[in-house]
Amino acid sequence: MQDQTFSRLALWVTLASSVAISCAPAESDSNNDGGGGATATSSVSSASGSGGATSSGGVTSGSTTAAGTGGDNSSGSGGVEPTGSGGNGTGGWPEGAIPMGNAPVPSAGCGKATTLTTKEYTISSSGQNRVYYVDMPKNYDMNKPYRLFYTSHWIGSRWQDVEGQDFYFLKPQMEADGEQAIFVAPSSDGATWQEKDHALFDDIMAFMNENVCYDTTRVFATGFSFGGMITYSLSTNHQAEIRAAVGIAPANYNIWLPEKTRKPIAWMHTTGMTDGTCPWVNNEGQKRGAKFIALEKAEDNGCTIPDNIPTSNGAYSCYDFKDCDPEHPTRVCTFGGGHTNIDGNPNWIPIESWKFFKQF
């Protein structure tokens, strides 16, 4: 498994070195229609999921290249499922902080046989048929509340690209620790994530709640680039549904943002200090950039705010904010690199992400 993972990483590192995306277009485009001004002009590989980032040029895996419009795949065999609960969330626990190491809280689907298998499914959400992929644990136990990961793709890609990366390489990290989880990977209906994708999250989670056994207090979210941006967007008003989130190269602009509740949520994100796409600071005065995500989450989580967040322009370094709510650790990892979800061999980003998630 380790050799196989390193082999896949080598391919992704090679591809990632030549690709970039634009989640930071003209500022006037920001936060207008759910995707900001970012558009997918690239070509990305088809279902094999090649490329650790998305391109403004082209990426080819083998001999197959597909247009990078993203999110429009409908080739799966899954049937249309019932519409979910809409935009209010499914709720994971009573009001108040959940202590670290709490006993699992089973979903309504626990103790019931499920028809879900590992494949693509379709769900009606906001008047559309939307597709998403479910990866079920081997030898699924209907009485075991599993962790559930909601993993969002980058611009111009689809769920196949996330699955092709073993869900941001989290799955092999977990399996090395003898753990399994349920992974969910939706596709956008175009190049970018939008306001209606909040309702999509709610609808998918409502369906999952009734049909699989997972721990409602251990729902986690992650994503890269625009996937990191929708992860951030969800984290600003879904704290009752999402226990912890990791944004990989996120930005806090050019993405639809709801009215923020400013409630705490465990948070981590990564940023390359030479990232010109989703930079550490895009506009200091307007508080645009990954730096301001870290400061916002630290404030929401009751942390002490340092005069300057320690960052690294060389090897990666993670800063854990001090004095945060015990249930809401807050961490930011920086490194001397660009816009990527792959850095080093081994790739430290999924290693640190899994380390962050598994503490809950």
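Q: Which residues do ring pairs link into a cluster with Tyr133?
A: Ring pairs join Tyr133, Phe149, Trp159, Phe167, Phe183, Phe220, Phe356, Phe357 and Phe360 into a cluster. Rings of Phe, Tyr and Trp (its six-membered ring) pair if their centres lie within 6.5 Å; planes under 30 degrees apart count as stacked, over 60 as edge-to-face and the rest as tilted.

Q: What sort of model is this, and how are residues numbered?
A: This is a predicted model, where local features need pLDDT of at least 70 and side-chain atom pairs count only at pLDDT 80 or more, while totals for chains, interfaces and linings use all residues. Residues are numbered from 1 along each chain as its sequence is written, and side-chain values use heavy atoms, with hydrogens and water left out.

Q: Back to the rings. How many aromatic pairs are there?
A: The count comes to 19 aromatic pairs. In one of them, Tyr140 and Tyr146 have ring centres 5.6 Å apart and planes at 20 degrees, so the pair is stacked.

Q: Are Tyr140 and Tyr146 buried or exposed?
A: Tyr140 and Tyr146 are both buried. Buried means under 20% relative accessible area, exposed over 50%, partly exposed in between (1.4 Å probe, protein chains only). Phe356 and Phe357 are buried too. The rings of Phe356 and Phe357 have centres 6.3 Å apart and planes at 65 degrees, so that pair is edge-to-face.

Q: Which residue lies over the face of Trp267?
A: Lys297 does, at 5.3 Å from the ring centre. The rule for a charge over a ring: NZ of Lys or CZ of Arg within 6 Å of the ring centre and within 35 degrees of the ring normal.

Q: New topic. How many disulfides does a search of the whole structure find?
A: Three disulfides turn up. A disulfide is a pair of cysteine sulfur atoms within 2.5 Å. Cys110 is joined to Cys213, S to S 2.0 Å. Cys110 lies in the loop between strand S3 (80–81) and strand S4 (119–125), and Cys213 in the loop between helix H4 (196–211) and strand S8 (214–224), so the pair ties together parts 103 residues apart in sequence. Helices (H or I, at least four residues) and strands (E, at least two) are DSSP runs, numbered from the N terminus.

Q: Cys110 and Cys213: buried or exposed?
A: Cys110 counts as buried at 18% relative accessibility. Cys213 is buried as well, at 0%.

Q: What does Cys303 pair with?
A: A disulfide joins Cys303 to Cys324, S to S 2.0 Å. Cys303 lies in the loop between helix H6 (290–300) and S11, and Cys324 in the loop between S11 and S12, so parts 21 residues apart in sequence are tied together. The torsion about the S-S bond is about 110 degrees, so this disulfide is right-handed.

Q: And Cys318?
A: Cys318 forms a disulfide with Cys333, their sulfur atoms 2.0 Å apart. Cys318 lies in strand S11 and Cys333 in strand S12, so the pair ties together parts 15 residues apart in sequence. Cys318 is partly exposed at 22%, whereas Cys333 is buried at 0%.

Q: Where is Pro326 found?
A: Pro326 sits in the loop between strand S11 (317–320) and strand S12 (330–335). Pro326 counts as exposed, at 64% relative accessibility. Pro326 and Pro99 are 227 residues apart in sequence and 7.8 Å apart in space, C-alpha to C-alpha.

Q: What does Ile182 touch?
A: Not counting residues up to four places away in sequence, Ile182 touches several residues, including Val134, Tyr146, Phe149, Met208 and Cys213. Contact means heavy atoms within 4.5 Å.

Q: Last one. How do S4 and S5 pair?
A: S4 and S5 pair in the antiparallel sense over seven bridges. Strands pair if DSSP finds at least two bridges between them. S4 and S5 form a hairpin with two residues between them, and Ser126 in the turn has a positive phi of about 50 degrees. Thr122 stands opposite Val131 in S5. S4 is mostly covered, with five of its seven residues buried.
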